[in-house]
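Have the structure open as you read.

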Amino acid sequence: MAPRLLLHIGTEKTGTTAWQRWLAQQREPLDAWGFAVPTSLGPTNHRKLPTSCFDLERVDDLVIRSGLEHATPAERRRTYGAWQQAFAAEVHQRPSHSWLVSSEHCSSRLTRPDELARLQRCLEALFAGIKLLLVIRDPLQTAISAWSTLVLNGGYPLEDLPPPDHPLLADRCNHRMLVQRWQPLFPQLQLCIYQPDVVQLLSRASGLPALPEASHPQQRSNSSLPHQAIVAIARLNRELPVYRGAKLNPEREQRIGAIVQAHAGAPGFVPNAKQREQFKAHFAASNHWIQRRFFPERSCLFS
């Protein structure tokens with residue numbers, strides 16, 4: 001009998017790094033309980049899975065980090081196929097296990113119908129059952145955290161919080177859109193409301209055995225930057241590119257380190273009343289739709 005898959009697809013800024021590091025650290029005890037965590041898709045973030053489903057002409061930071069920025073479409077096809085074959089070989093070694101795969105890049109990057117269809121074909125060829133786990137968070141808090149990460153890692157010169165209709169936020173904050181994109185292809189989709197102990201949250205959702213509390217990370221692994229640091233790095237992004245070839249630009253990394261150190265302990269960004277109202281109004285319909293269908297017992301989707 002083919003194995004089952006529990007695929008955690010995000011969303012971004014909901015403790016995904018903590019969950020992925022915990023899975024990697026607990027690989028052996030989980031294996032003893034019949035749960036397998038792959039290594040072929042990446043040591044922690046299994047980003048090779050979504051990347052392998054990209055359209056061949058697509059070039060983003062995941063493609064650049066993989067050294068495929070200047071590859072031909074045929075070369076990318078061979079590389080992506082090799083990644084999927086390595087994962088298939090790993091799965092076939094443990095056919096009786098349930099597999100735990102996690103990458104928030106699934107929800108934020110696989111936005112094209114053809115790419116999602118490729119993912120579906122890849123996974124249905126390997127697994128008898130596929131359950132998706134999607135963690136959602138208040139859109140305003142998600143946007144603040146995503147803005148910090150986009151400036152830090154993506155090189156965007158955004159000195160202020162993007163407005164709620166900014167295209168960079170849609171695939172992170174519009175939860176109705178995400179569900180309607182994914183559920184037709186993967187009907188077994190479970191939504192979870194974000195909580196700080198994301199390991200406990202996703203362990204329960206995955207049906208994992210109760211592991212020692214000491215094995216849980218005690219703090220978030222990827223917190224937002226102080227507001228002044230975000231502004232300084234956004235200005236730096238106008239001067240220096242993120243990458244030199246397939247590697248991070250060392251000059252930019254050094255300057256960022258100095259900025260973060262200089263602003264250590266400074267306060268984080270606090271949205272003003274207008275921003276709070278804009279985000280509340282913009283995502284009200286999406287949040288209401290999610291609440292009615294998935295959390296009818298809650299009087300408010302996000303407390």
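This is a predicted model: local features need pLDDT of at least 70, side-chain atom pairs count only at pLDDT 80 or more; totals for chains, interfaces and linings use all residues.

## A word on angles

## How α1 meets α11

Helix α1 (residues 16-25) packs against helix α11 (residues 198-206) at an angle of about 65°, and their axes sit 9 Å apart. The two helices are therefore roughly perpendicular to each other. As for handedness, α1 passes α11 in a right-handed crossing.

On the α1 side, the contact is made by Ala18, Trp19 and Trp22, while α11 brings Val198, Val199, Leu202, Ser203 and Ser206. Sorted by class, the residues of this α1–α11 contact come out as 6 nonpolar, 2 polar and no charged.

## The largest pocket

The largest pocket has a volume of about 1,000 Å³. It is lined by 40 residues, and the closest to its centre are Arg65, His105, Arg109, Thr149 and Asn153.

Helix α1 turns up here again: α1, α4 (61-65), α6 (105-109), α8 (139-154), α9 (167-173) and α13 (250-262) each supply at least two lining residues. The lining divides into 10 nonpolar, 15 polar and 15 charged residues.

## The second largest pocket

Of its 16 lining residues, Asp138, Pro139, Lys280, Asn287 and Phe302 are the closest to the centre.

Two or more lining residues come from each of α8, α14 (273-282) and α15 (284-294), with α15 giving the most, 4 residues. By class, this lining has 9 nonpolar, 4 polar and 3 charged residues.

Notes: Residues are numbered from 1 along each chain as its sequence is written. Side-chain values use heavy atoms; hydrogens and water are left out. Axes are lines fitted to C-alpha atoms, for helices over the stretch in contact, and angles run from 0 to 180 degrees between N-to-C directions. Angles under 35 degrees count as roughly parallel, over 145 as roughly antiparallel, 65 to 115 as roughly perpendicular and the rest as oblique. A crossing is left-handed if the near helix is turned anticlockwise from the far one by less than a right angle, and right-handed if clockwise. Contact means heavy atoms within 4.5 Å. Ala, Val, Leu, Ile, Met, Phe, Trp, Tyr, Cys and Pro count as nonpolar, Asp, Glu, Lys and Arg as charged, and the others, Gly among them, as polar. On a 1 Å grid over the protein atoms alone, a cavity is a set of points where a 1.4 Å probe fits but cannot get out, and a pocket is an open set with protein on both sides within 12 Å along at least five of seven lines; lining residues have an atom within 4 Å of a point. Grid points are joined across faces, edges and corners, and a volume is the space filled by probe spheres set on the points.
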